[in-house]
Amino acid sequence: MSSTSSTRLKSPFLVFEGLDGSGKSTLIQLVSAELRERGLAFALTREPGGTPLAEEIRKLLLRTGHESPVATTELLLYAASRAQHVAKVIKPAIESGTWILCDRFLASSVAFQSFARGLPRPEIDWLNTFAIQGAKPDLTILLDLTVEESFRRQDGRSEKDRMESESKNFHEAVRQGYLAQAKEDPSSWLVLDARETPEVLKTKLVETLEARGWLG
């Protein structure tokens with residue numbers, strides 16, 4: 001986790017979602033640089049993970065060559081990681097007035113475990129609500145990318161984790177899960193075309209943050 005501090009206006013909780021290879025990490029770094037230049041306090045974090053215990057759960061979830069969790073176990077492990085992450089990182093950051101830039105959060109559980117794994121959405125929503133204890137994102141940024149392009153961008157990777165190794169049909173279901181959630185609550189989502197350049201994506205996000213009064 002990385003941070004800097006100074007005077008700010010509003011300090012939102014931003015979540016970045018998208019298929020692997022969509023450019024989330026690059027956009028997060030560009031936005032971090034923008035916030036740093038403006039002297040705004042921010043914290044970088046991710047899911048699953050974000051704390052030592054949650055990072056250990058991440059290893060269990062993503063490792064290959066071992067027993068794979070069944071869908072329900074997978075969901076509960078994600079929720080356990082999230083509960084720890086929220087209590088130790090996200091809620092303290094919110095309380096201190098720090099911007100939060102998080103790589104994946106609630107929407108991933110719905111996209112992966114409901115749309116792709118087929119678990120009941122109401123149960124996932126309840127578990128998410130229980131885990132976050134009121135710490136909801138202010139804006140979820142979806143970098144939308146086709147599954148074909150996602151796979152093409154990952155061609156050079158030497159190893160894929162357990163989730164990355166799932167089929168194209170699985171990842172198509174994940175993508176549709178993200179898009180469905182964005183349609184359900186458009187006021188709290190920003191959908192960007194991940195085929196655009198990182199600088200264009202950054203400009204569009206910064207414009208949105210300014211329009212919402214989070215950047216002066």
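Is Ile124 buried or exposed, and what is its relative accessible area? Ile124 is buried, with a relative accessible area of 0%; buried means under 20%, exposed over 50% and partly exposed in between, with a 1.4 Å probe and protein chains only. This is a predicted model, in which local features need pLDDT of at least 70 and side-chain atom pairs count only at pLDDT 80 or more, while totals for chains, interfaces and linings use all residues. Residues are numbered from 1 along each chain as its sequence is written, and side-chain values use heavy atoms, with hydrogens and water left out. Helices (H or I, at least four residues) and strands (E, at least two) are DSSP runs, numbered from the N terminus.

**The sheet**

- Five strands form an open sheet in the order β2-β3-β1-β4-β5, with parallel pairing; two strands pair if DSSP finds at least two bridges between them.
- β2 and β5 (189-193) stand at the edges with a single partner strand each, so one side of each has no neighbour in the sheet.
- From one strand to the next, the twist averages 20 degrees.
- Strand β2 (residues 42-46) has 4 of its 5 residues buried, so β2 is largely enclosed by the rest of the structure.
- β2 and strand β3 (residues 99-103) run parallel and are joined by 5 bridges; Arg46 has Asp103 in β3 as its bridge partner.
- Strand β1 (residues 13-18) pairs with strand β4 (residues 139-144) in the parallel sense, over 5 bridges, and Val15 has Thr140 in β4 as its bridge partner.

**Helices α1 and α8**

- The axes of helix α1 (residues 24-37) and helix α8 (residues 198-211) come within 10 Å and cross at roughly 55 degrees; axes are lines fitted to C-alpha atoms, for helices over the stretch in contact, and angles run from 0 to 180 degrees between N-to-C directions.
- α1 and α8 are therefore oblique to each other, since angles under 35 degrees count as roughly parallel, over 145 as roughly antiparallel, 65 to 115 as roughly perpendicular and the rest as oblique.
- The crossing of α1 and α8 is right-handed; a crossing is right-handed if the near helix is turned clockwise from the far one by less than a right angle, and left-handed if anticlockwise.
- Thr26, Leu27, Leu30, Val31 and Glu34 in α1 meet residues of α8 including Leu201, Leu205 and Val206.

**Helices α2 and α3**

- Helix α2 (residues 52-62) packs with α3 at an angle of about 160 degrees, and their axes are 9 Å apart.
- α2 and α3 are therefore roughly antiparallel to each other, and their crossing is left-handed.
- Residues of α2, among them Leu53, Ile57 and Leu61, meet residues of α3 including Leu77, Tyr78 and Ala80.
- Leu77 lies in helix α3 (residues 71-96) and counts as partly exposed at 22% relative accessibility.
- Apart from neighbours within four places in sequence, Leu77 is in contact with Ile57 and Leu61, where contact means heavy atoms within 4.5 Å.

**Ile124 and its surroundings**

- Ile124 is placed in helix α5 (residues 121-132).
- Leaving aside neighbours within four places in sequence, Ile124 is in contact with Leu75, Ser109, Val110, Gln113, Ser114 and Leu119.
- Ile124 and Ala79 are 45 residues apart in sequence and 9.1 Å apart in space, C-alpha to C-alpha.
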